[in-house]
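Here is a short report for a first look at this structure. Keep the sequence and the model in view while reading.

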Amino acid sequence: MKTNSILNVPLLHPNWKKVGYLFFPLPVILVIGIAFLNPGMEHNESTQIIYGFWAIGFGILNLTRENVEDEMIKNFRQQAFQTGFFWLILGLATLMLINYLWFGRFTSELFTAYLVLFLLNAYIYGAFQYQKYLSSKSEN
Amino acid sequence: MKNTIKVERAKKDMTQQDLAEKVQVSRQTINSIEAGKYVPSTVLALKIARVFETPLEEIFELEDGD
């Protein structure tokens with residue numbers, strides 16, 4: 001299994017973290033710029049641009065290796081992806097239920113691919129950072 | 001699973017960083033193992049045992065809940 005290249009996920013160099021962080025302020029500047037050029041742009045469109053960029057930002061951060069990528073970090077990463085996916089499904093199910101109770105239907109314009117990808121990557125990032133925090137909380 | 005890594009380190013006058021470098025993991029990983037927050041893989045456990053020149057089962061011991 002360890003040598004099966006099709007299952008191997010290549011991770012980015014730690015310097016890519018800077019690129020990842022760049023994707024958080026970038027869409028805000030971009031949306032403001034577009035709004036100046038095109039005042040008629042829909043509010044939802046700018047929201048989706050922000051979600052998309054943040055999804056990419058978190059995606060890069062999730063796929064960037066730590067300075068020491070040892071077995072504990074690999075373990076945390078695997079757990080983070082599992083936990084992130086679980087939170088996504090749970091969160092979406094909750095939102096669908098709330099939507100049904102308030103508006104009488106499960107689907108909503110709120111659920112876009114950009115939002116789902118943003119939430120998934122944000123949850124993975126959160127779960128990974130949380131594990132790192134727990135492991136370093138009571139250092140000797 | 002409990003372990004005696006801290007005791008073994010003290011015997012050898014070794015810091016967490018020293019041990020981490022010898023078994024090629026981060027100091028945080030050694031700290032987490034010592035604190036019982038992280039259970040190492042068989043490979044890492046064997047590497048640690050080799051550094052201390054001690055049988056594996058003398059360093060790592062199963063607890064009731066394991």
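## Contacts and overall form of chain A

Take the contacts in chain A between residues at least 6 apart in sequence: 75% of them join residues at least 24 apart. Contact here means heavy atoms within 4.5 Å.

This is a predicted model, in which local features need pLDDT of at least 70, side-chain atom pairs count only at pLDDT 80 or more, and totals for chains, interfaces and linings use all residues. Residues are numbered from 1 along each chain as its sequence is written, chains are lettered from A and ligands numbered from 1 in the order in which they are written, and side-chain values use heavy atoms, with hydrogens and water left out.

Chain A holds five helices and zero strands. Helices (H or I, at least four residues) and strands (E, at least two) are DSSP runs, numbered from the N terminus. The C-alpha trace of chain A spans about 55 × 40 × 40 Å along its principal axes. Its radius of gyration is 18 Å, while a compact globule of 140 residues would have one near 14 Å. That radius is taken over C-alpha atoms, and the globule rule is 2.2 Å times the number of residues to the power 0.38. Of the 140 residues in chain A, 34% are buried. Buried means under 20% relative accessible area, exposed over 50%, and partly exposed in between (1.4 Å probe, protein chains only).

## A helix pair in chain A

Helix H4 (residues 71-103) of chain A packs against helix H5 (residues 113-136) of chain A at an angle of about 135°, with axes 7 Å apart. H4(A) is therefore oblique to H5(A). Angles under 35 degrees count as roughly parallel, over 145 as roughly antiparallel, 65 to 115 as roughly perpendicular and the rest as oblique. Axes are lines fitted to C-alpha atoms, for helices over the stretch in contact, and angles run from 0 to 180 degrees between N-to-C directions.

## A helix pair in chain B

Helix H2 (residues 16-23) of chain B and helix H3 (residues 27-34) of chain B have axes that come within 8 Å and cross at roughly 110°. H2(B) and H3(B) are therefore roughly perpendicular. H2(B) contributes Gln16(B), Gln17(B), Leu19(B), Ala20(B) and Val23(B) to the contact, and H3(B) contributes Arg27(B), Ile30(B), Asn31(B) and Glu34(B).

## Positive phi in two loops

Gln24(B) sits in the loop between H2 and H3 of chain B. Its phi is positive, about 60°, although Gln24(B) is not a glycine. Gln24(B) is exposed, with a relative accessible area of 63%.

Glu53(B) lies in the loop between helix H4 (42-52) and helix H5 (56-59) of chain B. Glu53(B) is not a glycine, yet has a positive phi of about 50°. Glu53(B) counts as exposed, at 66% relative accessibility.
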